[in-house]
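Open the model in your viewer and keep the sequence panel beside it. Each stop below says what to select and what is there.

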Amino acid sequence: MGVFSRLSDIINANLNAALEKAEDPEKMIRLMIQEMEDTLVEIRSATAKNLAEKKERSRLLKRLEEQKLDWERKAELALDKHREDLARAALAEKTALSDRIDHLKEELSHYDDQLTQYDDDIARLQAKLDDAKSRQRALVMRHRNAQQHLKGRKQIHNDKIDDMLHRFDS
């Protein structure tokens, strides 16, 4: 029976040495969490930038729509004064502004789509981050329990050796 316990002790010692040499899973999870947090910051920054650009475009759209109405009024005034040349020029400006307004509305639609995508990405990444943090906590607790268990086994093993040596000396 002594051979089997010695063989078991040798195998356990070799396994523990191999595990200690392996990459530290806690460190790897910490690095993954840090990378996720950095990515989350980048996505939130891009979202804020996108939102600021959208607001700027919205303000520009509002100004252009006001200018369009102004050119429409100018065209009507020119017709009232029987100035068809000025009315045509005002309507041409109004048409050019309408084209820019349509283009801006299309851009705003793209900004909305992109913001929706960013929100989805943030939600998914936050869920993954929360999952990784909970796994990290579980791994830390498991590691602490394993260390306590190993420490207890070593103490029992040391006590057995001390007892054997004491018996041998007697």
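**Whole chain**

Start with everything shown as a cartoon. Keep in mind that this is a predicted model. The protein has three helices and zero strands. Along the sequence the pattern reads α-α-α. Now show the surface. The accessible surface is about 13700 Å². Carbon and sulfur atoms account for 55% of that surface. Of the 170 residues, 18% are buried.

**Helix α2**

Select residues 25–80, which form α2. How far apart are the end C-alpha atoms of α2? They are 82 Å apart. At 1.5 Å a residue, the 56 residues of α2 should span 82 Å, so the two values agree.

**The largest nonpolar core**

Show side chains for Ile29, Ile33, Met36, Leu40, Ile43, Tyr118, Ile122, Leu125, Leu129, Ala132 and Leu139. These eleven residues are the largest nonpolar core. The largest share, six residues, comes from α3.

Zoom in on Ile29. Which residues does Ile29 touch, leaving out those up to four places away in sequence? The partners are Ala132, Gln136 and Leu139.

Now select Leu61, Leu97, Ile101 and Leu104. They are among the eight residues of another core, which lies apart from the largest one.

**Arginine 30**

Go back to α2 and pick Arg30, which lies in that helix. Arg30 is partly exposed, at 44% relative accessible area. Beyond its neighbours within four places in sequence, Arg30 contacts Asp24 and Gln136. Gln136 is also one of the residues that Ile29 touches. Then draw a C-alpha to C-alpha distance from Arg30 to Lys133. The two are 8.5 Å apart in space and 103 residues apart in sequence.

**Salt bridges**

The whole structure holds eleven salt bridges.

Select Lys54 and Asp112. Their side chains form a salt bridge, 2.7 Å from N to O. Lys54 is in α2 and Asp112 is in α3, so this pair ties together parts 58 residues apart in sequence. Are these two side chains buried, exposed or in between? Lys54 is partly exposed at 22% relative accessible area. Asp112 is partly exposed too, at 34%.

Move to Glu72 and Lys94. This salt bridge is 3.5 Å, N to O. Glu72 sits in α2 and Lys94 in α3, and the pair links distant parts of the chain, 22 residues apart. Glu72 counts as partly exposed, with 27% relative accessibility. Lys94 is partly exposed at 21%.

Next, select Asp131 and Arg135. Their side chains meet in a salt bridge of 3.1 Å, N to O. How many residues separate Asp131 and Arg135 in helix α3? Four residues separate them, about one turn of the helix. An α-helix has 3.6 residues a turn, so residues three or four places apart point the same way. Asp131 is partly exposed at 35% relative accessibility, while Arg135 is exposed at 55% relative accessible area.

Finish this stop with Asp70, Arg73 and Lys74. Salt bridges link these residues in a network.

**Histidine 82**

Select His82, in the loop between α2 and α3. His82 follows α2. Is His82 buried or exposed? His82 is exposed, with a relative accessible area of 71%. Now check the backbone angles. The phi of His82 is positive, about 65°, although His82 is not a glycine. Most residues other than glycine have a negative phi.

**Last view**

Keep the Lys54–Asp112 pair on display, with its two ends in α2 and α3.

Technical notes:
Residues are numbered from 1 along each chain as its sequence is written. This is a predicted model: local features need pLDDT of at least 70, side-chain atom pairs count only at pLDDT 80 or more; totals for chains, interfaces and linings use all residues. Side-chain values use heavy atoms; hydrogens and water are left out. Buried means under 20% relative accessible area, exposed over 50%, partly exposed in between (1.4 Å probe, protein chains only). Accessible areas come from the Shrake-Rupley method with a 1.4 Å probe; for residues, only the protein chains shown count as cover. A nonpolar core is a set of buried Ala, Val, Leu, Ile, Met, Phe, Trp, Tyr and Cys residues joined through side-chain atoms within 4.5 Å. Contact means heavy atoms within 4.5 Å. A salt bridge is a side-chain nitrogen of Lys or Arg within 4 Å of a carboxyl oxygen of Asp or Glu. The expected span of a helix is 1.5 Å times one less than its number of residues.
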